[in-house]
Amino acid sequence: MEKLNKLTPYERLEVVRHKGRPTIRDYIPLIFDEFWEMHGDRLYGDDGAIMGGIASISGIPVTVIAEVKGRNINENKDSNFAMPHPEGYRKALRLAKQAEKFHRPVICFIDTPGAFCGVEAEKRGQGEAIARNLMEFMRLRTPVISVVLGEGGSGGALALGVCDELAVLENSIYSVISPRGFASILWKDAGREKEACSIMKITAEDMLELGVAEKIIEEPFGGAHNDISQTAENIGEFLYKTLHKKMKIDIDVLLNERYTKFRKIGEFIE
Amino acid sequence: MGLEELFNVVKVRLNGNDEEKTEKDDSAVRVPDNMLFKCPRCLNVIMTEELEKNLRVCPECGYHARLTAPERISLIADKDSFSEFDADMLSANPIDFPDYAEKQQKLRESTGLKDAVITGECTIRGEKCVIGVMDSRYMMASMGSVVGEKITRAFEYATENRLPIILFTASGGARMQEGIVSLMQMAKTSGAAARHSDAGLLYITVMTDPTTGGVTASFASLGDIIIAEPKVLIGFAGRRVIEGTIKQRLPDDFQSAEFMLEHGFADMIVERKSMRRTIAHILKLHKTGGNA
């Protein structure tokens, strides 16, 4: 643990992009007693980049919404390398609303390089889909807990990140844009990715410090891939504790706290 | 170096060109470049004077060129009715980005702005409302802490005082120099929009050139009524990013106001000359609505 904390931001990026990095498909059977996948946004289609369904964790029914990285080329073909289209975000919102109706907490797992950038995504309103989720999750009348499993890239991550409590796995990164994109925009040189990593403040510790996340979930020595069961146990323990804590809070109080959590992020001089 | 270049590109596009370059240019006819405006949509070159007379609308194709925030406010608000909120708020440097403060100091001097949005209260044909106008001259109106905070406060003020809010959006997206803090402004502003909406109050978005990235993916897309100016650029991802992904050139009208209307993401396209009248009418129609 101490050793891992000494990994540079760039090394962590390499850890989360490691092909053995566990994905939501590895974690679900280890964290939840049961999981029933639900498909489709009821508007256009079913996006393989976002998986959703009803699960139970230590007997508590919850709705699970997760960005899906593939473990091989075929899985990645189906999940578009975890880059959702608008229908993915709309499926997430549909399932979140369903959770609200049945007073089920929502658990979101973030793991995406970013929302998909393409012609079809634009035609179907990628911007609108993300915006709608930000607005609706902010007022969703049921607890929402989010966990960054690996990469939390940009608005595509935030669309599942408006929550009461955000946890990040120790080596995860969360950023406004990929370090590559950052270097390319600011220095017109995507090759300066490493340098971008070092100044962007993208690590789990940075997230705590900036008030973006509330909790760091420990990974086994060397990274989550070295002991998937242990990592899953750590995630499960966090979820169980946090669910108990949040489910006790009156929903109007919880919504105020959720609003305030985001409301106070920002630094300016008056 | 990179940043400076970026700003220069923006400045050149916005203001035509600066005199300095004209002086160096030894061509036969020496026309100051800011006398001419090249339309980014139809590529026709017209006299800047002609453009100004036409409310900065391209007479050839109808593209609605960018306005400064003060110009926009004077076109929309009743004379002398505007009073500004948070006029002195300045950016801090949340991720200690090198040269961020210096770049901003320069921009403040050249534009007279403190950051990329001006918010306040005004009347439009007598109708009281909160108004926010983004100004692309300032770091391409990217959203960092100041933009996020000012927009959020504008929504909160409108909610407390039961007023409609009108936001003229323009933005390159999140402000990279503020890292993850800028991303969080998307959630913050959208949350404030949700509370204003829950109070039964009207929010009108007017999308102007260019409305993109994190602003499209947050408060800009959340208006009860979404108006766009003709021919302006509206989208989520950068055009070049998409062209790079699909390895082919996109049609010219891709990500235009008309494209958004066609695909169901804008309610109407309104010309600049009719904007004030249109907004005033919509405000009047909502006077008796809402949870009183």
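Two bridges join β9(B) to strand β10 (residues 268-269) of chain B, and the two run parallel. Strands here are DSSP runs of E, at least two residues long, while helices are runs of H or I of at least four, and both are numbered from the N terminus. Strands pair if DSSP finds at least two bridges between them. In β10(B), B:M268 is the bridge partner of B:I227.

This is a predicted model: local features need pLDDT of at least 70, side-chain atom pairs count only at pLDDT 80 or more, and totals for chains, interfaces and linings use all residues. Residues are numbered from 1 along each chain as its sequence is written, and chains are lettered from A and ligands numbered from 1 in the order in which they are written.

## The sheet of chain B

Seven strands of chain B form an open sheet. Their order is β3-β5-β6-β7-β8-β9-β10, with mixed pairing.

B:I227 is the partner of B:V206. B:M207 stands opposite B:A228.

## Chain B overall

Chain B has eleven helices and ten strands. Of its 292 residues, 48% count as buried (20 or more other C-beta atoms within 10 Å of the residue's own, placed from the backbone). Of the contacts in chain B with a separation of 6 or more, 67% come from residues 24 or more positions apart. Contact means C-beta atoms, placed from the backbone, within 7 Å.

## Where the chains meet

The contact takes 42 residues from chain A and 49 residues from chain B. On the side of chain A that touches chain B, α6(A) gives the most, with eight residues. That side has 25 nonpolar, eight polar and nine charged residues. Nonpolar covers Ala, Val, Leu, Ile, Met, Phe, Trp, Tyr, Cys and Pro; charged covers Asp, Glu, Lys and Arg; the others, Gly among them, are polar.

A:I269 stands opposite B:L90 in β4(B).

Methods
Two residues are in contact if their C-beta atoms, placed from the backbone, lie within 7 Å. A residue is buried if 20 or more other C-beta atoms lie within 10 Å of its own, exposed if 12 or fewer, and partly exposed in between; C-beta atoms are placed from the backbone.
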